[in-house]
Each structure stands twice: as structure tokens, then as C-alpha cells.
Amino acid sequence: MKRFDSVEALFADLNADDTPEIREGSTNIYADLGRLDTDEMQAKATLVTKIGQAITARQLSNDQAAAALGLTLAELGELLAGRFRGYSVDDLEGLAALLDVAGR
């Protein structure tokens, strides 16, 4: 463990120019993270966002939304929490169509 003679020395070490390079991101976080399936993941995220917005706009309870989508409450919660890797774009488009949001 490194020891410092003073608080000033500690702060000087903490403020040393060893911070990681900061880059401006793109509009696709999946591309920024270096994923290979960037377009697919972005499309899924967009569809899930639209599904969540439609549920809110229609003031559906979680029970009502899950029933309308043919999902369990747990599945709906996982989906809206961003854990949609197990769904295909077609699956999510089908769910969105149930709420009439796919084309919006």
C-alpha cells in the first residue's frame, strides 16, 4: 500500500492524469460496447421501449398488460427491465402489435 506524507500529496496522486480516455458515444450503445448484433439489439430495445410506453399511455396495470401480451407477470417484468435477449425481433414485433404500437 502506498503511503503519502501529506493530504496534498494524496490529492496530487488522485488527480494525476491517469483517467481513462473519454469518448463521445454513438446513438447505439450496443455498437459502443463492441457487440456484433448491434442492429438487432437496438431494434429490440426500441420495441421494448414502445411496449412500455404503450402500457403507460393506456394506464394498464401490470396484470392487464401481462394478460394483453400473453405473458406472466414475471416475464413482463423481465422484458420491461431490459432482459429481452431471449426474444427475437419478430417476437417483440408481435407483442407490440398486440398493443398496436409496432408501427408507431
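A salt bridge is a side-chain nitrogen of Lys or Arg within 4 Å of a carboxyl oxygen of Asp or Glu. The model is predicted: local features need pLDDT of at least 70, side-chain atom pairs count only at pLDDT 80 or more, and totals for chains, interfaces and linings use all residues. Residues are numbered from 1 along each chain as its sequence is written, and side-chain values use heavy atoms, with hydrogens and water left out.

**Figure 1. The salt bridge between Arg83 and Glu78.** The side chains of Arg83 and Glu78 meet with an N to O distance of 2.6 Å. Glu78 is partly exposed, at 36% relative accessibility; here buried means under 20% relative accessible area, exposed over 50%, and partly exposed in between (1.4 Å probe, protein chains only).

**Figure 2. The salt bridge between Asp37 and Arg35.** The side chains of Asp37 and Arg35 meet at 3.0 Å, N to O. Asp37 counts as partly exposed because its relative accessible area is 24%. Arg35, at 29% relative accessibility, is likewise partly exposed.

Figure 3. Helices (H or I, at least four residues) and strands (E, at least two) are DSSP runs, numbered from the N terminus. Because Lys44 and Glu40 are four residues apart in helix H3, about one helical turn separates them. An α-helix has 3.6 residues a turn, so residues three or four places apart point the same way. Is Lys44 buried or exposed? Lys44 is buried, because its relative accessible area is 3%. Glu40, by contrast, counts as partly exposed at 35% relative accessibility. Not counting residues up to four places away in sequence, Lys44 touches Phe84, Arg85, Tyr87, Ser88, Val89 and Leu92; contact means heavy atoms within 4.5 Å.

**Figure 4. Ser26 and Asn28 in the loop between H1 and H2.** Ser26 is found in the loop between H1 and helix H2 (29-32), and Asn28 has its place in the loop between H1 and H2 as well. Ser26 is partly exposed, at 42% relative accessibility, whereas Asn28 is buried, with a relative accessible area of 10%. A polar contact is a pair of N or O atoms within 3.5 Å; within protein, one must be able to donate a hydrogen and the other to accept it, and residues adjacent in sequence count only if both atoms are side-chain atoms. The side chain of Ser26 makes such a contact with the side chain of Asp32, at 2.8 Å. A polar atom of the Ser26 side chain also lies 3.0 Å from the backbone nitrogen of Asn28. The side chain of Asn28, in turn, reaches the backbone oxygen of Thr38 at 3.3 Å. Neighbours within four places in sequence aside, Ser26 is in contact with Ala31 and Asp32, and Asn28 is in contact with Thr38, Asp39 and Gln42.

**Figure 5. The two faces of helix H4.** Which residues of helix H4 (residues 62-69) are buried? They are Ala65, Ala66 and Leu69. Seen down the axis of H4, these buried residues fall within an arc of 95 degrees, so they line one face of the helix; the arc is that of the directions from the helix axis to the C-beta atoms. The buried residues of H4 pack against helix H3 (38-57), helix H5 (73-80) and helix H6 (89-98). The face of H4 turned away from its buried side carries the exposed residues Asp63 and Ala67. Gly70, whose phi is positive, near 70 degrees, follows H4.

**Figure 6. A nonpolar surface patch that includes Leu10.** Val7, Leu10, Phe11 and Leu14 make a nonpolar surface patch of about 380 Å². Patches are made of residues with over 30% relative accessible area and no salt bridge: like charges are joined within 9 Å, nonpolar side chains (Val, Leu, Ile, Met, Phe, Trp, Tyr) within 5 Å. Accessible areas come from the Shrake-Rupley method with a 1.4 Å probe; for residues, only the protein chains shown count as cover. Leu10 is found in helix H1 (residues 7-14) and is partly exposed, with a relative accessible area of 32%.
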